[in-house]
Amino acid sequence: MTVTTPAAHVSARPAPAFRGRIGRDARSGHYAVPGRYRLHLSTACPEGLRIAVTHALLGLDAVCPVTFLPAVPDCPEGGHSALRPLYEASAHRYSGPAAAPVLSDLWSGRIVSTHDRDIMRDLAHRFDTCGPSLYPCGAESEIEAVERMCGEGIEGAAQRAGAVEGEAAERDTALATLLETLGALDRRLDGRTHLIRDEVTAADVELWVALVRLDTVHRHHLDAAAVQRIAGHPALWSYARRLTARPAFGAHLDLDGIDRRHHARCRGLEGAGSAVQILDWAAHSAR
(Lines give C-alpha, C1' and ligand atoms only; values in the text may rest on other atoms or scores of the structure.)
Protein backbone atom coordinates (compact mmCIF):
# COMPACT_ATOMS: atom_id res chain seq x y z
CA MET A 1 0.00 0.00 0.00
CA THR A 2 1.25 3.49 -0.83
CA VAL A 3 0.77 6.16 1.83
CA THR A 4 1.13 9.80 0.79
CA THR A 5 1.31 12.65 3.26
CA PRO A 6 -1.43 15.11 2.23
CA ALA A 7 0.59 18.11 3.41
CA ALA A 8 3.19 17.40 0.74
CA HIS A 9 0.76 18.45 -1.97
CA VAL A 10 -0.72 21.86 -2.64
CA SER A 11 -4.21 21.50 -4.10
CA ALA A 12 -7.83 22.34 -3.40
CA ARG A 13 -8.25 18.91 -1.85
CA PRO A 14 -5.36 16.94 -0.29
CA ALA A 15 -4.05 14.02 -2.31
CA PRO A 16 -5.50 10.66 -1.25
CA ALA A 17 -3.56 9.30 1.73
CA PHE A 18 -4.01 5.61 0.86
CA ARG A 19 -3.86 3.98 -2.56
CA GLY A 20 -4.36 0.26 -1.90
CA ARG A 21 -6.22 -1.78 -4.51
CA ILE A 22 -8.45 -4.84 -4.43
CA GLY A 23 -6.80 -7.58 -6.46
CA ARG A 24 -8.00 -10.69 -8.22
CA ASP A 25 -6.93 -13.36 -5.72
CA ALA A 26 -5.36 -13.99 -2.31
CA ARG A 27 -1.86 -13.23 -3.60
CA SER A 28 -2.81 -9.57 -3.88
CA GLY A 29 -3.42 -9.19 -0.13
CA HIS A 30 -6.69 -7.35 -0.59
CA TYR A 31 -8.93 -9.55 -2.68
CA ALA A 32 -12.61 -9.61 -3.41
CA VAL A 33 -14.64 -11.35 -0.72
CA PRO A 34 -18.28 -10.41 -0.08
CA GLY A 35 -18.63 -8.73 3.30
CA ARG A 36 -14.91 -8.06 3.78
CA TYR A 37 -14.96 -4.35 2.93
CA ARG A 38 -16.97 -1.31 3.99
CA LEU A 39 -17.37 2.10 2.39
CA HIS A 40 -17.47 5.27 4.49
CA LEU A 41 -18.98 8.12 2.45
CA SER A 42 -20.45 11.58 2.61
CA THR A 43 -22.63 12.15 -0.43
CA ALA A 44 -22.36 15.91 0.13
CA CYS A 45 -18.85 15.79 -1.32
CA PRO A 46 -18.29 14.94 -5.00
CA GLU A 47 -15.93 12.02 -4.30
CA GLY A 48 -18.43 10.34 -2.00
CA LEU A 49 -21.32 11.03 -4.37
CA ARG A 50 -19.47 9.42 -7.29
CA ILE A 51 -18.77 6.28 -5.26
CA ALA A 52 -22.31 6.10 -3.86
CA VAL A 53 -23.84 6.24 -7.35
CA THR A 54 -21.38 3.64 -8.65
CA HIS A 55 -22.13 1.36 -5.70
CA ALA A 56 -25.88 1.69 -6.28
CA LEU A 57 -25.65 1.07 -10.04
CA LEU A 58 -23.67 -2.12 -9.37
CA GLY A 59 -26.11 -3.35 -6.72
CA LEU A 60 -23.42 -4.01 -4.10
CA ASP A 61 -25.38 -3.36 -0.90
CA ALA A 62 -25.02 -6.93 0.36
CA VAL A 63 -21.44 -7.31 -0.89
CA CYS A 64 -19.87 -4.10 0.38
CA PRO A 65 -21.98 -2.21 2.95
CA VAL A 66 -21.87 1.57 3.28
CA THR A 67 -21.67 3.86 6.30
CA PHE A 68 -22.93 7.32 5.40
CA LEU A 69 -21.22 10.19 7.19
CA PRO A 70 -22.51 13.67 8.04
CA ALA A 71 -22.43 16.28 5.29
CA VAL A 72 -20.20 18.62 7.31
CA PRO A 73 -17.08 17.04 8.88
CA ASP A 74 -16.94 17.46 12.66
CA CYS A 75 -13.17 18.00 12.97
CA PRO A 76 -11.59 21.43 12.47
CA GLU A 77 -9.12 20.16 9.87
CA GLY A 78 -11.96 18.85 7.71
CA GLY A 79 -11.98 15.22 8.83
CA HIS A 80 -14.51 12.97 10.51
CA SER A 81 -13.92 11.84 14.10
CA ALA A 82 -15.62 8.53 13.28
CA LEU A 83 -12.82 7.75 10.80
CA ARG A 84 -9.92 8.67 13.10
CA PRO A 85 -9.48 5.12 14.52
CA LEU A 86 -9.20 3.72 10.97
CA TYR A 87 -6.54 6.27 10.03
CA GLU A 88 -4.56 5.76 13.21
CA ALA A 89 -4.65 1.98 12.76
CA SER A 90 -3.50 2.30 9.17
CA ALA A 91 -0.54 4.70 9.42
CA HIS A 92 1.81 5.17 12.38
CA ARG A 93 1.39 8.63 13.93
CA TYR A 94 -0.91 9.75 11.16
CA SER A 95 -1.49 13.49 11.63
CA GLY A 96 -3.54 14.44 8.57
CA PRO A 97 -7.32 14.82 8.36
CA ALA A 98 -9.47 11.71 8.75
CA ALA A 99 -11.19 12.47 5.48
CA ALA A 100 -13.83 10.60 3.52
CA PRO A 101 -14.24 8.66 1.31
CA VAL A 102 -12.68 5.53 2.79
CA LEU A 103 -12.73 1.89 1.71
CA SER A 104 -11.86 -0.12 4.81
CA ASP A 105 -10.93 -3.77 5.32
CA LEU A 106 -13.10 -5.23 8.09
CA TRP A 107 -10.70 -8.15 8.53
CA SER A 108 -7.75 -5.98 9.49
CA GLY A 109 -9.53 -2.84 10.66
CA ARG A 110 -7.39 -0.75 8.33
CA ILE A 111 -7.88 1.46 5.30
CA VAL A 112 -7.49 0.03 1.82
CA SER A 113 -8.00 3.24 -0.17
CA THR A 114 -9.15 6.83 0.02
CA HIS A 115 -8.87 7.39 -3.74
CA ASP A 116 -12.37 7.67 -5.16
CA ARG A 117 -11.68 6.63 -8.75
CA ASP A 118 -9.56 3.63 -7.70
CA ILE A 119 -12.40 2.56 -5.43
CA MET A 120 -14.95 2.95 -8.25
CA ARG A 121 -12.86 0.83 -10.61
CA ASP A 122 -12.29 -1.90 -8.03
CA LEU A 123 -16.00 -2.08 -7.17
CA ALA A 124 -16.79 -2.48 -10.86
CA HIS A 125 -14.00 -4.91 -11.76
CA ARG A 126 -13.50 -7.11 -8.70
CA PHE A 127 -17.00 -8.11 -7.62
CA ASP A 128 -19.74 -10.06 -9.37
CA THR A 129 -22.51 -7.54 -9.88
CA CYS A 130 -25.95 -7.42 -11.44
CA GLY A 131 -25.36 -3.92 -12.73
CA PRO A 132 -24.14 -2.42 -16.00
CA SER A 133 -20.57 -2.56 -17.26
CA LEU A 134 -19.40 0.82 -16.01
CA TYR A 135 -15.92 0.39 -17.49
CA PRO A 136 -16.60 -1.48 -20.73
CA CYS A 137 -13.74 -2.99 -22.66
CA GLY A 138 -12.00 -0.40 -24.79
CA ALA A 139 -13.60 2.59 -23.05
CA GLU A 140 -10.98 3.34 -20.41
CA SER A 141 -9.27 6.12 -22.37
CA GLU A 142 -12.64 7.75 -23.10
CA ILE A 143 -13.60 7.61 -19.42
CA GLU A 144 -10.26 9.10 -18.39
CA ALA A 145 -10.78 11.90 -20.93
CA VAL A 146 -14.20 12.64 -19.40
CA GLU A 147 -12.63 12.67 -15.92
CA ARG A 148 -10.12 15.28 -17.07
CA MET A 149 -12.79 17.28 -18.88
CA CYS A 150 -14.99 17.39 -15.79
CA GLY A 151 -12.12 18.10 -13.42
CA GLU A 152 -10.43 20.81 -15.47
CA GLY A 153 -13.03 22.07 -17.93
CA ILE A 154 -15.99 22.17 -15.54
CA GLU A 155 -14.95 22.02 -11.88
CA GLY A 156 -11.64 23.85 -12.16
CA ALA A 157 -12.89 26.40 -14.68
CA ALA A 158 -16.03 27.13 -12.64
CA GLN A 159 -13.94 27.70 -9.50
CA ARG A 160 -11.64 30.12 -11.31
CA ALA A 161 -14.56 31.91 -12.97
CA GLY A 162 -16.11 32.61 -9.57
CA ALA A 163 -12.91 33.40 -7.66
CA VAL A 164 -13.11 36.88 -6.13
CA GLU A 165 -9.33 37.17 -5.80
CA GLY A 166 -8.71 36.58 -9.51
CA GLU A 167 -8.28 39.27 -12.14
CA ALA A 168 -11.29 40.00 -14.34
CA ALA A 169 -9.44 38.73 -17.42
CA GLU A 170 -8.64 35.46 -15.65
CA ARG A 171 -12.26 34.99 -14.64
CA ASP A 172 -13.41 35.70 -18.20
CA THR A 173 -10.93 33.16 -19.59
CA ALA A 174 -12.10 30.56 -17.09
CA LEU A 175 -15.76 31.20 -17.97
CA ALA A 176 -14.91 30.84 -21.66
CA THR A 177 -13.24 27.49 -20.92
CA LEU A 178 -16.28 26.35 -18.94
CA LEU A 179 -18.71 27.34 -21.70
CA GLU A 180 -16.55 25.72 -24.37
CA THR A 181 -16.51 22.46 -22.38
CA LEU A 182 -20.26 22.53 -21.80
CA GLY A 183 -20.84 23.29 -25.48
CA ALA A 184 -18.76 20.31 -26.58
CA LEU A 185 -20.65 18.04 -24.19
CA ASP A 186 -24.01 19.45 -25.29
CA ARG A 187 -23.21 18.70 -28.93
CA ARG A 188 -22.04 15.21 -27.97
CA LEU A 189 -25.29 14.49 -26.12
CA ASP A 190 -27.63 15.84 -28.79
CA GLY A 191 -29.80 12.85 -29.70
CA ARG A 192 -27.95 10.53 -27.29
CA THR A 193 -29.09 9.00 -24.00
CA HIS A 194 -25.61 8.41 -22.55
CA LEU A 195 -22.25 10.04 -23.03
CA ILE A 196 -19.96 7.39 -24.55
CA ARG A 197 -21.96 4.15 -24.89
CA ASP A 198 -25.55 3.00 -25.31
CA GLU A 199 -25.91 2.31 -21.59
CA VAL A 200 -24.70 4.08 -18.48
CA THR A 201 -20.94 4.04 -17.79
CA ALA A 202 -18.58 5.66 -15.29
CA ALA A 203 -18.36 8.61 -17.71
CA ASP A 204 -22.01 9.38 -17.00
CA VAL A 205 -21.42 9.19 -13.25
CA GLU A 206 -18.52 11.60 -13.63
CA LEU A 207 -20.41 14.13 -15.72
CA TRP A 208 -23.60 13.99 -13.64
CA VAL A 209 -21.71 14.77 -10.43
CA ALA A 210 -19.90 17.64 -12.16
CA LEU A 211 -23.23 19.10 -13.30
CA VAL A 212 -24.71 18.73 -9.83
CA ARG A 213 -21.76 20.67 -8.42
CA LEU A 214 -21.98 23.31 -11.12
CA ASP A 215 -25.61 24.11 -10.30
CA THR A 216 -25.61 23.57 -6.53
CA VAL A 217 -22.20 25.04 -5.63
CA HIS A 218 -20.36 26.98 -8.32
CA ARG A 219 -23.21 29.08 -9.71
CA HIS A 220 -23.49 30.84 -6.32
CA HIS A 221 -20.24 32.66 -7.14
CA LEU A 222 -21.08 33.63 -10.74
CA ASP A 223 -23.15 36.49 -12.07
CA ALA A 224 -26.65 35.93 -13.44
CA ALA A 225 -25.59 36.39 -17.08
CA ALA A 226 -22.95 33.67 -16.74
CA VAL A 227 -25.44 31.24 -15.21
CA GLN A 228 -27.93 31.96 -18.01
CA ARG A 229 -25.23 31.09 -20.55
CA ILE A 230 -24.40 27.90 -18.64
CA ALA A 231 -28.08 26.96 -18.64
CA GLY A 232 -28.26 27.44 -22.42
CA HIS A 233 -27.21 23.86 -23.22
CA PRO A 234 -30.54 22.01 -23.53
CA ALA A 235 -29.22 18.55 -24.40
CA LEU A 236 -26.80 18.61 -21.47
CA TRP A 237 -29.33 19.62 -18.82
CA SER A 238 -31.99 17.30 -20.22
CA TYR A 239 -29.45 14.52 -19.81
CA ALA A 240 -28.87 15.61 -16.20
CA ARG A 241 -32.62 15.49 -15.52
CA ARG A 242 -32.91 11.96 -16.95
CA LEU A 243 -30.09 10.64 -14.82
CA THR A 244 -31.45 12.33 -11.69
CA ALA A 245 -34.73 10.46 -12.18
CA ARG A 246 -32.86 7.14 -11.92
CA PRO A 247 -32.85 5.83 -8.33
CA ALA A 248 -29.12 5.09 -8.32
CA PHE A 249 -28.47 8.79 -8.99
CA GLY A 250 -31.33 10.79 -7.49
CA ALA A 251 -31.65 8.81 -4.28
CA HIS A 252 -28.14 9.88 -3.27
CA LEU A 253 -28.62 13.56 -4.04
CA ASP A 254 -28.44 15.29 -0.64
CA LEU A 255 -29.19 18.87 -1.67
CA ASP A 256 -29.43 20.17 1.90
CA GLY A 257 -26.15 18.45 2.80
CA ILE A 258 -24.36 19.89 -0.24
CA ASP A 259 -25.60 23.36 0.68
CA ARG A 260 -24.53 23.06 4.33
CA ARG A 261 -21.11 21.69 3.38
CA HIS A 262 -20.61 24.45 0.83
CA HIS A 263 -21.46 27.23 3.28
CA ALA A 264 -19.35 25.64 6.02
CA ARG A 265 -16.26 25.58 3.79
CA CYS A 266 -16.67 28.51 1.40
CA ARG A 267 -15.40 32.01 2.18
CA GLY A 268 -16.10 33.50 -1.25
CA LEU A 269 -18.63 36.17 -2.07
CA GLU A 270 -22.07 35.18 -3.33
CA GLY A 271 -22.93 36.35 -6.82
CA ALA A 272 -26.22 37.17 -8.51
CA GLY A 273 -26.15 33.72 -10.12
CA SER A 274 -27.20 32.20 -6.79
CA ALA A 275 -30.76 33.29 -7.61
CA VAL A 276 -30.77 31.58 -11.03
CA GLN A 277 -31.24 27.85 -10.43
CA ILE A 278 -30.67 25.79 -13.57
CA LEU A 279 -32.52 22.61 -12.56
CA ASP A 280 -35.09 21.81 -9.91
CA TRP A 281 -33.07 18.80 -8.75
CA ALA A 282 -35.51 17.85 -6.00
CA ALA A 283 -38.40 17.65 -8.47
CA HIS A 284 -36.51 15.23 -10.69
CA SER A 285 -34.96 13.20 -7.90
CA ALA A 286 -36.13 9.62 -7.41
CA ARG A 287 -35.78 9.90 -3.63
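Is G109 buried, partly exposed or exposed? I looked it up first: G109 is partly exposed, since its relative accessible area is 31%. The scale I used calls a residue buried under 20% relative accessible area, exposed over 50% and partly exposed in between, with a 1.4 Å probe and protein chains only.

**Ground rules.** I'm working with a predicted model, in which local features need pLDDT of at least 70 and side-chain atom pairs count only at pLDDT 80 or more, while totals for chains, interfaces and linings use all residues. Residues are numbered from 1 along each chain as its sequence is written, and side-chain values use heavy atoms, with hydrogens and water left out.

**Around G109.** I found G109 in the loop between β3 (102-105) and β4 (110-113). Helices here are DSSP runs of H or I with at least four residues, strands are runs of E with at least two, and both are numbered from the N terminus. Leaving out residues up to four places away in sequence, G109 touches L86 and A89; contact means heavy atoms within 4.5 Å.

**The loop between α2 and β3.** R93 sits in the loop that runs from α2 to β3. R93 isn't a glycine, yet its phi is positive, at about 55 degrees. R93 is exposed, because its relative accessible area is 75%. P101 is in the loop between α2 (84-90) and β3 too. I noted a cis peptide bond between A100 and P101, with omega at about 5 degrees.

**The cavity.** How many cavities of 30 Å³ or more are there? I count one. My grid has 1 Å spacing over the protein atoms alone; a cavity is a set of points where a 1.4 Å probe fits but cannot get out, a pocket is an open set with protein on both sides within 12 Å along at least five of seven lines, and lining residues have an atom within 4 Å of a point. Points are joined across faces, edges and corners, and a volume is the space filled by probe spheres set on them. The largest cavity holds about 30 Å³. Its lining includes T43, C45, P46, V209 and I258. α1 (46-58) and α6 (202-216) are the elements giving two or more residues to that lining, and α6 gives the most, with three. By class I get seven nonpolar, one polar and one charged. Nonpolar covers Ala, Val, Leu, Ile, Met, Phe, Trp, Tyr, Cys and Pro, charged covers Asp, Glu, Lys and Arg, and the others, Gly among them, are polar.

**The second largest pocket.** This one has about 180 Å³ of space. It is lined by 14 residues, and closest to its centre are A161, R171, H221, L222 and D223. Helix α5 (residues 168-189) gives the most to this lining, with three residues. The classes here are seven nonpolar, three polar and four charged.

**α6 against α8.** Residues of α6 that meet α8 include W208 and L211, and the α8 side includes W237 and Y239. In this contact I count nine nonpolar, one polar and two charged residues.

**Last stop, R265.** R265 lies in helix α10 (residues 255-265). R265 counts as exposed, because its relative accessibility is 53%. Between the C-alpha atoms of R265 and A176 I get 26 Å, with the two 89 residues apart along the chain.
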